[in-house]
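Some notes on this model follow, point by point. Please read them with the structure open.

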Amino acid sequence: MSIPDAELSELYVRYAPVLHARARSILGNDAEAGDAVQETFVRLVRGYEAFRGESSPLTWLYQVNTNWCLNQLRNRKGHQKKHEDRRADVQPRESVEPEVDRIDDARIRALLAEEDDETQRIVVHLFFDEMTREETAVAVGISVPTLRKRLDAFLRRARRGMGLAVVASAVVWLCWTAFGGAP
Amino acid sequence: MNRLNDGSRPSRVRLARVLTGEERLKPGESEAALEAFAAEVAAAPPPAFDLADLRVRATALSEAEMQAALARPTPRPEGVIVPLFRRVAPGLVSALAIAAAALFFLRPPASEGVRIKGEAHLGFDVSRGSQAFPGAPDTVVQAGDRIRFHYGSGGAETLVIVGVDATGTVQTYWPDEGDAPVGIEPGDHVLAGSVQLDDAPGPEVFVAVFDGTPADVVADVVAAAWSEGGVEAVVELDELRHDVAVLVLEKR
C-alpha cells in the first residue's frame, strides 16, 4: 500500500521543518540539510508499510534522518581522506584539558565520521538533540554507565584533536613571527 | 548554558514533539525554550514539498538503501571464550570477596599524572582457519576461532587479565601461573599464547587490570561483581577505576 498524497503532504508540512533544523544542526550545512529532509521523505514513501506501525511519526522519521546524516558525514570524511594525511596517528597526547563546552559542532562532526555506530548515535543525541544522558541511554538501548564510558572515550579523542589544533596554531604563530610577519 | 543537558531543560527532541503536536508542554517546562526552538525552525524552512519528485525518487530507491535507512544501532558485542590456561572456581564470593573488593577499590589509582585509562588498553586478534584479522568492538567471533590478546602499556608496568563466562566461572588468563601480576614492556605488544573458542553459550567478559593488583584479588572482585549484577556489573568495573579495561566478545 502506498501512502496517500494527502497524508504525505500533511506529514511533510508537520515534520519537515523540525527534520530540517535537526539535519542543519548535525550536518552544519543548509543544502545538505535540505537533501536530508527530501531523502527522509523519499524513504517514507518507499517504506510506508513499516512507518504505519509506528506510534510516533517523529521517532521513525528521526531514525531515518539520523542514518542518512551519519552516512553523509562518513562520505564527507572519506572524501577528505583522499586529500589529507591521517593526522590522528601523529597527534600529541593530553595537551589540553577537555571541556565539553569548548568542543564546537564542526569538531564533533569531524570526529563523528570515525566513530562506531553506537557512539555516533550517542553523540548525536547528546550534542545535537540535547537529550540527557538518561534519555540517550534509553534511546540507544544501553546502560547509563556504559553511555558514560563511550562519552568519556569520545571526549578523550576530541581532546587529542584540540591539542593538535593548539600545536598547529603555535607553529603557525612561530613561523609568522620568525619571518617578520608580526608587527 | 552547559553543552550537555543535565535535565534542566527539555531536549530538542522533546521540543520537536511539542512543536509537531505529538506531545504537550508539561507544567514547569520552559515556554521560552519552545519559542526559541520554534523561531529557529521557522528561520530556515525546508525545501518546498514536491509530491511527484518524492514518488519518482522512492521508486528508484534500492532495497539496500531502504535497509540502511531503517538500520538500528549496532550493539557492542558479548561473547564466549574457552580458557587454555587455568580456571578459578567462583567459590570465593563471600566475605573474602567483599574484603578483596574493598581493598581493590579503596586503593589509590595509579601514580598522579599517569591517567592509564585511555592509554593502556587491551585488544585482540582473531585467527579463523587460514585467515587472521584484527578484532574490533563489533567483531563477531565463532566457535573454533583462536584469540590472541595484545596490549598498549600506556605507562603501566604490570598486567592481569581475568575472564568470567556465562556461568560465572572466573578464569585467570594472565599470569599463566601464580597470582603476581605479569610485568609488561612499554609500548604495544602481543601476549604470547592464544585461546580457542568453544560453542558454549552466553557471554564472557575480560577484565584487564594495569595497576599491580594480584590476580587472585582481581578474580575475587570479578566474581563478586558477576554475582552482584552479571555481565553489566563486570563491565561497569571499567567505570570505577581508571586503570581497568574491560573487553566483551560476541559469539555466534
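1. E130(A) has 24 C-beta neighbours inside 10 Å, so E130(A) counts as buried. The cut-off for that label is 20 or more. Bear in mind that this is a predicted model.

2. Where does E130(A) sit? E130(A) is found in the loop between α6 and α7 of chain A. Its backbone deserves a look: phi of E130(A) is near 55 degrees. That is a positive value, and the residue is not glycine.

3. Helix α6 of chain A covers residues 117-128, and helix α7 of chain A covers residues 133-140. Their axes come within 10 Å. The crossing angle is roughly 140 degrees. Angles over 145 would count as roughly antiparallel; α6(A) and α7(A) are therefore oblique to each other. The crossing of α6(A) past α7(A) is right-handed.

4. Which residues of α6(A) and α7(A) meet? From α6(A) come E118(A), R121(A), I122(A), H125(A) and L126(A). From α7(A) come T136(A), A139(A) and V140(A). By class, the residues of this contact are four nonpolar, two polar and two charged.

5. Turn to chain B for a separate point. Is the peptide bond from W174(B) to P175(B) cis or trans? The bond is cis, with omega near 10 degrees. W174(B) is at the end of β6 (170-174) of chain B, and P175(B) lies in the loop between that strand and β7 (182-183).

Key: Residues are numbered from 1 along each chain as its sequence is written. Chains are lettered from A and ligands numbered from 1 in the order in which they are written. This is a predicted model: local features need pLDDT of at least 70, side-chain atom pairs count only at pLDDT 80 or more; totals for chains, interfaces and linings use all residues. Axes are lines fitted to C-alpha atoms, for helices over the stretch in contact, and angles run from 0 to 180 degrees between N-to-C directions. Helices (H or I, at least four residues) and strands (E, at least two) are DSSP runs, numbered from the N terminus. Angles under 35 degrees count as roughly parallel, over 145 as roughly antiparallel, 65 to 115 as roughly perpendicular and the rest as oblique. A crossing is left-handed if the near helix is turned anticlockwise from the far one by less than a right angle, and right-handed if clockwise. Two residues are in contact if their C-beta atoms, placed from the backbone, lie within 7 Å. Ala, Val, Leu, Ile, Met, Phe, Trp, Tyr, Cys and Pro count as nonpolar, Asp, Glu, Lys and Arg as charged, and the others, Gly among them, as polar. A residue is buried if 20 or more other C-beta atoms lie within 10 Å of its own, exposed if 12 or fewer, and partly exposed in between; C-beta atoms are placed from the backbone.
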